[in-house]
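Keep the sequence and the 3D view side by side as you read.

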Amino acid sequence: MTLYGAKLSEIAPGRVVIDLPPNARLIQQQGRIHGGVVGALADSAGGFASLTLMPTGSDVVTVEYKINFMRGATGHLRATGEVIRPGKTITVTRMTCESGTPGALETCAVVQATFMRIAPIP
């Protein structure tokens, strides 16, 4: 996320928001934010949202995610991750990605993902 210039904007139990200001390096050939970037931002938001409900020292890996692109992403990108069902090992999350100008963001993708709690790598 540092490479992209993304920042955590909100952290609450079961919820994380990540914002990505416009970045010309992340645009694909049609002038929109690359779908891989949208997916990566959503994946991070869901993973961090999962971690907010886990014991200190936990880590997660993505088991799977499904993304539905609803429109091309342009300008500012925001991913909001929310836990749907927490678990001891498996957590299910929902993420919404919005893009546009701050104050006028529109949904560009919705994502559902599953994360697995793992022991941290030393």
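Start in the middle. The largest nonpolar core has 25 residues. A nonpolar core is a set of buried Ala, Val, Leu, Ile, Met, Phe, Trp, Tyr and Cys residues joined through side-chain atoms within 4.5 Å. Buried means under 20% relative accessible area, exposed means over 50%, and partly exposed lies in between (1.4 Å probe, protein chains only). Leu-20, Val-38, Leu-41, Leu-77 and Cys-97 have the most contacts inside this core.

Five elements each supply at least two of the core residues: β2 (15-20), α1 (35-51), β4 (76-85), β5 (90-101) and β6 (104-118). Helices (H or I, at least four residues) and strands (E, at least two) are DSSP runs, numbered from the N terminus. The largest share, six residues, comes from α1.

A word on the source. This is a predicted model, where local features need pLDDT of at least 70 and side-chain atom pairs count only at pLDDT 80 or more, while totals for chains, interfaces and linings use all residues. Residues are numbered from 1 along each chain as its sequence is written, and side-chain values use heavy atoms, with hydrogens and water left out.

Now pick out Cys-97. Which residues is Cys-97 in contact with, leaving aside its neighbours within four places in sequence? Contact means heavy atoms within 4.5 Å. The list includes Val-38, Ala-42, Leu-77 and Ala-109.

Move on to α1, where Ser-44 is found. Is Ser-44 buried or exposed? Ser-44 counts as buried because its relative accessibility is 17%. Beyond its neighbours within four places in sequence, Ser-44 is in contact with Met-1 and Ile-18.

Next comes β2. This strand is mostly covered, with five of its six residues buried. Two strands pair if DSSP finds at least two bridges between them. β1 (residues 7-12) and β2 run antiparallel, joined by five bridges. Here Glu-10 stands opposite Val-17. The hairpin of β1 and β2 has two residues between the strands, and Gly-14 takes a positive phi near 80 degrees. β2 also runs antiparallel to β4, with six bridges. In that pairing, Ile-18 has Ala-79 as its bridge partner.

Met-116 sits in strand β6. Met-116 counts as partly exposed because its relative accessibility is 32%.
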